[in-house]
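Thanks for coming, everyone. Let me put the structure up, and then I'll walk you through it.

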Amino acid sequence: MFLTLTFAYALAYGVVQSMQAGSGAYRGGFTLQHYRSVLGDGEFLISLGATISVAVIATLISNVLGALLAFAMLRAGAHGKLLQRVLQLPVILPHLIVVIMVIHIFSQTGVLARLAWWVGFIDNPNQFPLLVYDRLAIGIMLVYLYKQVPFVALLAYDTLRGISGKYAEVAANLGASPWQTSTQVYLPLLKPTIIGTSLITFAFAFGAFEVPFLLGTPVWRTLPVESYLLYTNIEPLARTHAMVINVLISAISLTIAGLYFGVESFLNRRQKGGEV
Amino acid sequence: MLKRLTIGLLIAALFALTIGCAAQPTLTTGPSEFADALRSARGKTVTFYGWGGSSAVNNWFDNIVAPSLLAEYGITLRRVPMNIDEILRKLATEKQANRVSGDIDVIWINGENFYAAKTQELLYGPFNTRIDNFNRLIDPQAADTNYDFGIPIEGMSVPLGRAQLIFMADRARLAAFPTSAARLLELARANPGRFTYPAPPDFTGSAFVRNIIYDIVGFEALNNAPAEKAAIQAVIQPALDFLNELEPYLWERGTTYPADVAALDRMFAEGQLLWSMSYTPLKAGQLIAEGRVPTSVETFVFDKGNIGNTHYVAIPFNAPNKDAAFVLIHHLISVAMQAAKLDVGNWGDLPVVDLARLDASERALIENTNIGQGVLPMDELLRRRLPEVHARKVAIIEELWREQVLQR
């Protein structure tokens with residue numbers, strides 16, 4: 001209740017500010033002109049494209065790798081259970097700590113660069129490829145994958161273990177190869193979990209501020225970073241534009257959340273229908 | 001559903017309240033004589049609102065200013081850490097609500113925020129010449145007594161301290177320092193990938209770009225240009241061309257830039273870059289004291305000078321204790337407090353008092369203050385100090401840099 005109220009208030013406040021005609025202390029009527037100018041701005045469109053790209057790529061890679069890892073863990077038996085414990089560590093680590101880890105390991109003066117220098121591959125830091133603060137967002141991706149692959153793997157592993165072994169036995173009896181069992185028995189049963197984790201990983205990567213802020217390039221910026229910079233800009237109008245971006249981020253995230261609940265209840269209904 | 005509707009209505013009601021129409025409040029006037037303020041303020045509590053994000057700054061206020069203010073004037077200092085934009089929002093709301101007695105006596109402010117506060121009439125004044133130490137210690141002709149980021153002050157704020165852009169390099173690794181834009185280009189050519197600067201809108205990176213503009217087209221040209229994009233671009237084009245000429249010799253051939261000055265400092269401390277920069281003039285001393293850089297690191301500025309800005313204190317229109325506010329400001333700009341503020345162990349912020357107006361013992365107090373290793377002395381910095389341009393031009397320059405340099 002409290003959570004809903006604070007969220008609703010903040011969102012309503014943002015919506016009001018984003019439609020305010022005046023600026024600063026002087027408030028005028030309501031207008032959609034700020035939405036028009038933000039949506040018509042090339043910089044915003046680049047930002048939107050970049051944010052979606054980063055979120056989609058991070059989601060695809062982490063869900064595919066996470067699901068594969070879960071299958072591998074299932075195959076590995078007792079070792080899989082051990083790995084399950086190990087994978088809990090990255091899931092509970094805060095993103096900020098992972099950001100610092102990535103800087104320490106992958107920056108041009110990080111552990112890998114020092115190793116490359118020690119082996120003799122490079123003789124100064126600038127020769128080491130730029131893996132953080134880079135234009136391809138490799139640094140940002142590394143953080144997301146480190147956090148999200150274990151997250152997906154753990155949930156998928158739980159689902160897979162919950163699937164009765166009988167299905168696999170029946171399939172094997174009917175002459176299915178292990179590959180066919182995986183793709184035609186386990187994968188469909190895993191689908192609801194993966195859809196759920198995909199939406200969660202996408203929503204996070206889409207709305208995350210601190211990771212792209214700390215590891216991103218200034219050449220292009222994700223929407224939350226763009227919004228922050230606009231909010232701290234001196235032009236009174238910039239702050240209104242920041243609010244417009246915040247409202248758009250919230251709208252997209254809420255749509256994703258809506259999709260998640262929609263898909264979940266649809267799948268639940270279908271599953272129940274199938275049983276009857 | 002009904003519950004949700006109620007919540008919605010409640011929120012709508014809250015908004016309706018804040019959007020109410022603004023009326024002109026009647027201002028309470030402060031004491032006209034400083035002696036009156038001294039008398040009536042004794043025993044009161046003065047409330048200071050300002051940015052609280054630096055432990056060094058907070059320490060100076062809480063452990064140096066507060067005890068001496070109580071001992072000398074019998075006034076208790078209450079410091080409330082709050083970001084200036086929130087403070088101004090609070091004052092604007094109070095102004096709209098016609099609240100004639102607020103709860104803030106003194107605020108810490110400069111640049112665009114001062115501009116916003118002044119144009120929205122959130123400040124009390126003019127009051128500066130009613131402060132004893134202002135009349136005795138501050139140079140009334142100094143550029144920063146009269147203009148804050150190009151905005152006429154007109155007695156609405158009093159300088160508290162000065163910052164200045166400086167560069168740092170290690171004498172052991174770089175024999176000659178880049179003391180002009182042209183020298184920077186030569187050195188970058190000779191040492192490709194070893195120089196760069198933080199991308200604006202990082203505060204320091206933005207100041208660096210303006211410093212290059214000053215070096216190439218001069219402060220006056222930029223200052224005289226109207227605050228419109230086309231006019232600014234016409235004036236600073238040679239500087240933008242220069243930055244593009246410099247770009248291929250920068251770190252990562254200028255395809256990307258460090259996002260903030262902290263990244264630049266890290267690359268400098270680890271030897272990847274040959275220089276770093278800071279808007280904290282005594283930064284080199286701090287880095288040396290922390291053991292992050294060797295003692296051979298030195299501070300330098302361009303021959304034509306480096307950008308500096310000044311931060312100020314002001315009194316809100318509805319300050320409840322204007323007399324105590326006068327005394328606090330008087331105390332903040334006293335020689336003793338300014339010298340303590342300069343001490344690199346406390347804050348390391350340049351004083352605003354005019355050295356020429358001090359007597360021998362006061363001057364000794366400032367001159368004997370520990371400013372740390374590898375830094376430039378205060379008089380050298382002040383001699384090579386260039387003012388900031390209007391805050392609106394800063395934003396336009398940042399936009400032009402992004403379009404014409406970064407994304408080209």
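**A walk through chains A and B**

Start with Glu154 of chain B. Glu154(B) has 13 C-beta neighbours inside 10 Å, so it counts as partly exposed. Its phi is positive, about 50 degrees, although Glu154(B) is not a glycine. Where does Glu154(B) sit? In the loop between strand E5 (151-152) and E6 of chain B. Keep in mind that this is a predicted model.

E6 covers residues 158-164 of chain B, and 7 of its 7 residues are buried. Its partner is strand E10, residues 306-314 of chain B. The two run antiparallel, joined by 6 bridges. One pair to look at: Ala163(B) has Asn309(B) in E10(B) as its bridge partner.

Now a sheet. Chain B has an open sheet of 3 strands, in the order E8-E7-E9, with antiparallel pairing. Which strands stand at the edges? Strand E8 (275-278) and strand E9 (297-300) of chain B. Each has a single partner strand, so one side of each is left without a neighbour in the sheet. On average, neighbouring strands here are turned by 30 degrees against each other, direction ignored. Look at strand E7, residues 166-170 of chain B: its antiparallel pairing with E9(B) runs over 4 bridges. Met168(B) has Thr299(B) in E9(B) as its bridge partner.

On to helix packing. Helix H2 (residues 34-41) and helix H14 (residues 322-332) of chain B pack with their axes 8 Å apart. The angle is about 110 degrees. That makes H2(B) roughly perpendicular to H14(B). Who meets whom? From H2(B) come Phe34(B), Ala37(B), Leu38(B), Ser40(B) and Ala41(B). From H14(B) come Asp323(B), Ala324(B), Phe326(B) and Val327(B). By type, the residues of this contact divide into 7 nonpolar, 1 polar and 1 charged.

Next, two cis peptide bonds in chain B. One joins Gly125(B) and Pro126(B), with omega about 5 degrees. Pro126(B) lies in the loop between helix H5 (111-119) and helix H6 (132-137) of chain B. Another joins Pro200(B) and Pro201(B), with omega about 15 degrees. Pro201(B) is in the loop between helix H8 (181-190) and helix H9 (203-217) of chain B.

A quick stop at Ala234(B), in helix H11 (residues 229-246) of chain B. Buried or exposed? Ala234(B) has 11 C-beta neighbours inside 10 Å, so it counts as exposed.

Step back to chain B as a whole. There are 18 helices and 11 strands. The C-alpha trace spans about 70 × 65 × 45 Å along its principal axes. Buried residues make up 49% of chain B. Among contacts with a separation of 6 or more, 83% come from residues 24 or more positions apart.

Now chain A. Ala137(A) has a positive phi too, about 65 degrees, and is not a glycine. Ala137(A) lies in the loop between helix H6 (111-119) and helix H7 (138-162) of chain A. With 23 C-beta neighbours inside 10 Å, Ala137(A) counts as buried.

Last, the interface. How many residues are in contact? 24 of chain A with 27 of chain B. On the chain A side, helix H1 (residues 2-18) gives the most, with 5 residues. That side divides into 13 nonpolar, 7 polar and 4 charged residues.

Conventions:
Residues are numbered from 1 along each chain as its sequence is written. Chains are lettered from A and ligands numbered from 1 in the order in which they are written. This is a predicted model: local features need pLDDT of at least 70, side-chain atom pairs count only at pLDDT 80 or more; totals for chains, interfaces and linings use all residues. Two strands pair if DSSP finds at least two bridges between them. Axes are lines fitted to C-alpha atoms, for helices over the stretch in contact, and angles run from 0 to 180 degrees between N-to-C directions. Two residues are in contact if their C-beta atoms, placed from the backbone, lie within 7 Å. Ala, Val, Leu, Ile, Met, Phe, Trp, Tyr, Cys and Pro count as nonpolar, Asp, Glu, Lys and Arg as charged, and the others, Gly among them, as polar. Angles under 35 degrees count as roughly parallel, over 145 as roughly antiparallel, 65 to 115 as roughly perpendicular and the rest as oblique. A residue is buried if 20 or more other C-beta atoms lie within 10 Å of its own, exposed if 12 or fewer, and partly exposed in between; C-beta atoms are placed from the backbone.
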